[in-house]
Amino acid sequence: MLNSFSVLDTPPVPVCAFVTDDAAAIINYAADGAECGLGSALVTLVEIRGGAARALGAQMAVRGDGSYCGYVSGGCTEAAVAAEAIAAIIKRTDRYLRLGEGSPFFDISLPCGGGITLAIHVVRDVRPLRQVLAALEGRRRIALNYVPGTQTFTAVKTPTGAISSWSDTSFIRVYRPNLRLILCGRGIELEATTRVAMASEFEVFAFDQTSRDFDASMMDQETAVAVLFHDLDQELPWLEAGLRRKPFYLGALGSKRTHERRCQALRDLGYSPAQIDRIKAPIGLFGPTRDANALALSVVAEVAQAFFHVTKLNVPQADGDVAKGSDSKPI
């Protein structure tokens, strides 16, 4: 129930509560706003026309007091979007908002020159949002199914490889747990890569040769494993764990000659060529490096590239194209 203002009051001025594009933080902000009586809306990017700064499914959470978080564009339109969401909260009804190309708001343009359509959903039932948060906490994939006709969200299971898109008369917004990076190694390479990965806001776990608290069940389909030892004997248990658990990325430090010896050792242990081929070696996005900081950047960049590849995000298309999925639903 809204208790912060009435329709006769002056609408609150939009203000960014905090800067984030973390899906769980945005969902939680919307759920908390609804539960505390302020009222809230979840804004979802459901169509891209031409270029855009964000992917299909990008979201903002807006509360009835004017505060908001998240991004649906490059930061230039979010306050205007929040104002529209506040109006929807006051009227307690969902709405669409077009910006950029094809929009009636001539004073709001997108720097990329394209256009976007946003679905503004006034949160009436927080249970689907809490279900999403519980799934992400348990590192499970999940989706919100938004039906404009009934102005409802429901939480639904999502298959591996599913992407945010229109399905008949509803929009499916897919959520994946955050990227988890398990680093194992020693010395300055491990320290530098841990530092860069944490700055990238990955969920990072670092282990050296003395660690005894590693649990192989930590490796799930949203996990990358980077083996940074200079010792074949020390790295083999980690590689075997990665080959058994099948994280989305498994990389190992060393030269091509080192990798040949690594492959032979794994073949001797009974692993097939197909299994061994899953190991990315030499590790890193931009080839051999000669210092720890360059190695750290190379490893983290390659992990991020692999993560977004398997995510199959609907990134903005070239100018003149409509993002995949959005052209199946007239808005």
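Student: In which sense do β7 and β8 pair, and over how many bridges?

Tutor: Antiparallel, over five bridges. Two strands pair if DSSP finds at least two bridges between them, so β7 and strand β8 (residues 152-156) qualify. Ala 143 stands opposite Val 156 in β8. This is a predicted model: local features need pLDDT of at least 70, side-chain atom pairs count only at pLDDT 80 or more, and totals for chains, interfaces and linings use all residues. Residues are numbered from 1 along each chain as its sequence is written, and side-chain values use heavy atoms, leaving out hydrogens and water.

Student: What joins β7 to strand β10?

Tutor: Five bridges, with the strands antiparallel; β10 spans residues 170-175. Asn 145 stands opposite Ile 172 in β10.

Student: What makes β7 mostly covered?

Tutor: Five of the six residues in β7 (residues 142-147) are buried. Buried means under 20% relative accessible area, exposed over 50%, partly exposed in between (1.4 Å probe, protein chains only).

Student: Why is α5 called oblique to α6?

Tutor: Helix α5 (residues 232-245) and helix α6 (residues 256-268) pack at about 60 degrees, axes 11 Å apart. Under 35 degrees counts as roughly parallel, over 145 as roughly antiparallel, 65 to 115 as roughly perpendicular, and the rest as oblique. Therefore α5 is oblique to α6.

Student: Which residues of α6 make the contact with α5?

Tutor: Arg 261, Arg 262, Ala 265 and Leu 266. Contact means heavy atoms within 4.5 Å. From α5, the contact includes Leu 232 and Glu 235.

Student: How do the residues of that contact divide?

Tutor: Six are nonpolar, none polar and four charged.

Note on methods. Axes are lines fitted to C-alpha atoms, for helices over the stretch in contact, and angles run from 0 to 180 degrees between N-to-C directions. Helices (H or I, at least four residues) and strands (E, at least two) are DSSP runs, numbered from the N terminus. Ala, Val, Leu, Ile, Met, Phe, Trp, Tyr, Cys and Pro count as nonpolar, Asp, Glu, Lys and Arg as charged, and the others, Gly among them, as polar.
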